[in-house]
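Me: I am new to this structure and would like to go through it in short questions. Please show it to me.

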Amino acid sequence: MRLHKLVSLMREGNFDGALISPGTNLYYLTGLTVHEAGERPTILAVNADGDYGLLAPSLYENVIGDFPVTFWRDGENPYEKLAWILAELHLSGGRILVEDTMRADWLINVMKLGPFEFHPLSSLVRELRMRKDAKEIERMKHAAKVVDRVFEELLSWDLVGMRERELALKMEMTIRELSDGISFPPIVASGENAANPHHEPGDRRLRRGDMVILDYGARWKGYCSDITRTIAIGRPDERLVGIYETVKEAQERAYRTVREGIPAREIDRAARETIAEAGYGRYFTHRTGHGLGLDVHEEPYIGPDGEVVLGEGMTFTIEPGIYVPGLGGVRIEDDVAVQEGRGRRLTRAERELVRV
Ligand SMILES: CSCC[C@H](N)C(=O)N1CCC[C@H]1C(=O)O
């Protein structure tokens, strides 16, 4: 369990305790796989001595194994029980780290239990989570292999005439067959819809002359992959074929920039300069990438303001794109790990323009 690492950082930062609700931080720190049970408060309290206690709804009674836990039943007041846990841990006030995604109604009730000064848990945990160990990277490699395989498979499907949302569903089912599930709902953006980077797959049917952005991910033992490939159906507009080559070059240059010791913004700069030199600067409307791990989006963010200095074990995406309203768009994305001082691609699917 990694909770002791958090406790050391808490002591260094003069924090008195932490309140952690279900999510990837709870899983990362304790291995507990309890999911948020909607409105029912579920909170792990930890003090700076390393003592801890979990408040959980009784419907988890047969799920949580050997862990110090106080259950509450529907009809009881969970915050009375939380007050007992906090009193036992001598945590009835002070500087407290709180899970960033804790529901506001839980937090409002917690605030009534003492004079607390709250700080975001992520400010400490992100330092730990950013550098993946060998086991975490193995899991990410597996999740990456799954999306590579899905790409190969989908190229054999009869795409012409298929609706975007039918293709997204077929991709999702294939991902689920090969892994623990999707890391986010697949994006299928065809024709002019590809000018929207986060397009939600709809009823448009794929047709000859389309460029189609396919952005999807798998989850394996908690860890995510996230890949984007843009394919051509038949012969798309020559401007889009040119845009494809620019994006491919931007992605390659950004990838080659990856080195231990440089700030993340250098990677973004390499991609952004390539696209600007080709005259499409204003059509690259997002950051170049984001950290990847237990969450699809986490530190280090690869944007113009990315100050995190790259270190061994960091994992992130490199995904420049160009989106021209009324014409369409292109994005190419790989997952990359910093290993032995340089970047290594985890996703390896074909990056040359594939025409089907
Ligand atoms: C979690 S949904 C989006 C997944 C996608 N691969 C992605 O992260 N992006 C698509 C456009 C830019 C980038 C983003 O930062 O949202």
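Me: How far is a nitrogen atom of the ligand from an N or O atom in the side chain of Glu319?
Reply: This is a predicted model, so the distance is a computed one. Glu319 is among the residues that surround the ligand. Its side chain has an N or O atom at a distance from a ligand nitrogen of 3.2 Å.

Me: What share of the area that the ligand exposes when taken alone does the protein bury?
Reply: Taken alone, the ligand exposes 410 Å². The space it takes is the largest pocket. Of the ligand's exposed area, the protein buries 87%.

Me: Which residue has a polar side-chain atom 2.8 Å from an oxygen atom of the ligand?
Reply: The residues around the ligand include His198, His286, His290 and His297. For His290, a polar side-chain atom lies 2.9 Å from a ligand oxygen, which leaves the 2.8 Å distance to His198.

Me: How many charged residues are in the shell around the ligand?
Reply: Asp215, Asp226, Arg287, Glu319, Arg331 and Glu333 are among the residues that surround the ligand. Asp, Glu and Arg count as charged. By class, the shell has 1 nonpolar and 4 polar residues, and its charged residues number 6.

Me: Why is the pair of Tyr52 and Phe67 called tilted, and how many residues apart in sequence are the parts that it ties together?
Reply: The structure holds 3 aromatic pairs. In the pair of Tyr52 and Phe67, the ring centres are 5.3 Å apart and the planes stand at 45°, so the pair is tilted. Tyr52 belongs to strand 3 (residues 52-57) and Phe67 to the loop between strand 3 and strand 4 (69-72), so the parts tied together are apart in sequence by 15 residues.

Me: Which residue is joined to Glu299 by a cis peptide bond?
Reply: Most peptide bonds are trans. Here omega is about 5°.

Me: What is the phi of Asn14?
Reply: Most residues other than glycine have a negative phi. Asn14 lies in the loop between helix 1 (3-12) and strand 1 (17-20). Although Asn14 is not a glycine, its phi is positive, at about 55°.

Definitions and conventions. Residues numbered from 1 in each chain as written. Predicted model: local features only at pLDDT ≥ 70, side-chain atom pairs only at ≥ 80, totals over all residues. Heavy atoms only, no water. Near = heavy atom within 4 Å. Polar contact = N/O pair within 3.5 Å; in protein donor to acceptor, adjacent residues only side chain to side chain. Areas by Shrake-Rupley, 256 points an atom, 1.4 Å probe, with all protein chains shown as cover. 1 Å grid on protein atoms, 1.4 Å probe; cavity = no way out; pocket = protein on both sides within 12 Å on 5 of 7 lines; lining within 4 Å. Sits in = over half its atoms within 2 Å of the grid points. Phe/Tyr/Trp six-rings, centres within 6.5 Å; stacked < 30°, edge-to-face > 60°. Helix = DSSP H or I, 4+ residues; strand = E, 2+ residues; numbered from the N terminus.
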